[in-house]
Amino acid sequence: MKKKYVVLIVVIVLIISLIVSFKVWVNYNKNVEQIPVLMYHDVIIDEYYKSKPDTIELSMFEKQLKYLKDNGYKTLSLDEFYCWKKGKCDFGKKAVVLTFDDGFYSFEYQVKPLLEKYGMTAAVFLIGEYTGEITPEFAPNRYGTVGAEDINNSLKHADYGSHTYALHKMVGNKKRVETLTYQQIDADFKEMEKIYKFEYMTYPFNTDTEDFIKALKNNNYKLAFRGESEKATKTSNDYLIPRIGVSNNFESFKAIFETQKHNNRYGSGFLRKVFITLERKLKIKLG
Ligand SMILES: [Zn+2]
């Protein structure tokens, strides 16, 4: 056989074995123990609901809670999730974490009564500068945020965490976090600490910069969550825990629990970073 054919065959065999081992590796990661961390924002009374990616109708939220209850799911507090992640607690295969970003007062008026009804818990991530002393009176067509009084009173129904003190903003077309130095980010964390000592964080606008992560570590945050449409595993980076955004669509919600769609594909570490970046750039799903 001519030398060039031998080279060609070797190259083909190499490519095939690379693809096969990639598939095996992806499937291995899909089968590791994982917990969905769900990401909500605002929950709106049905007649005021206007379709927006980050919000859902109140009746849809109740339908989702009922689904979790009927299917035997347990909602974990952030401390319980942390305990699981560190391998010190086991909650079986039916555990889920509910998180609400931005601290909307719909949590106090709409979400909390439903959580009580279904015996569930959720975590709220507050923006410090928007949190007043008390929760304003409810108006269904107006935004509002949870007040300090309710936060202090309702710790048994909900965990609270930080969504930064004043970094949840855009500066021109840039996210504020991207425009700041480490010192400025650290100062924002210290500002929040004057009001509350939080141990968990969600990134404003998913902006996980190196300086932000450094400030999280230096201020003793245990975990930080972002949105990545994947379930969390014990090996997920503590400061890049993926969450799955919940939409106003019940089939998509069920798919989180009944299909492989949101299962972890790339484990953790350097290779995960490479493949996730590739997916974002190419706008495709590799694994
Ligand atoms: Zn937010």
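Begin by selecting Asn 206, which is found in the loop that joins strand 11 (200-202) to helix 7 (210-218). The model on screen is a predicted one.

Next, draw a distance from Asn 206 to Phe 270. The two residues lie 64 residues apart along the chain, and their C-alpha atoms are separated by 19 Å.

**The whole chain**

Now zoom out and colour by secondary structure. The protein contains nine helices and 14 strands. Taken along the principal axes, a box of roughly 85 × 50 × 40 Å is filled by its C-alpha atoms. Of the 287 residues, 31% are buried. Among contacts with a separation of 6 or more, 64% are between residues 24 or more positions apart.

**The largest nonpolar core**

Select Val 97, Ala 122, Ala 123 and Val 124. They have the most contacts inside the largest nonpolar core, a set of 54 residues. Which element gives this core its largest share? Strand 7 (residues 122-126) does, with five residues.

Centre the view on Val 97 and display what surrounds it. Setting aside its neighbours within four places in sequence, Val 97 is in contact with Ile 35, Val 37 and Leu 38, with Thr 75, Leu 76 and Phe 81, and with Ala 123. Val 97 and Ala 123 are both among the residues with the most contacts inside the core, and the two are in contact with each other.

**Helix 2 against helix 8**

For the last stop, select helix 2 (residues 58-70) together with helix 8 (residues 250-258). Their axes are 11 Å apart, and the helices pack at an angle of about 25°. Helix 2 is therefore roughly parallel to helix 8, the cut-off for that description being under 35 degrees. The crossing of helix 2 past helix 8 is right-handed.

Show side chains on both helices. Which residues of helix 2 meet helix 8? Met 60, Lys 63, Gln 64 and Tyr 67 do so, and their counterparts in helix 8 are Phe 250, Phe 253 and Lys 254.

How values were computed. Residues numbered from 1 in each chain as written. Predicted model: local features only at pLDDT ≥ 70, side-chain atom pairs only at ≥ 80, totals over all residues. Axes fitted to C-alpha atoms, helices over the stretch in contact; angles between N-to-C directions. Helix = DSSP H or I, 4+ residues; strand = E, 2+ residues; numbered from the N terminus. Parallel < 35°, antiparallel > 145°, perpendicular 65-115°, else oblique. Left-handed = near helix turned anticlockwise from the far one by under 90°. Contact = placed C-beta atoms within 7 Å. Core = buried A, V, L, I, M, F, W, Y, C linked by C-beta atoms within 7 Å. Buried ≥ 20, exposed ≤ 12 C-beta atoms within 10 Å, placed from the backbone.
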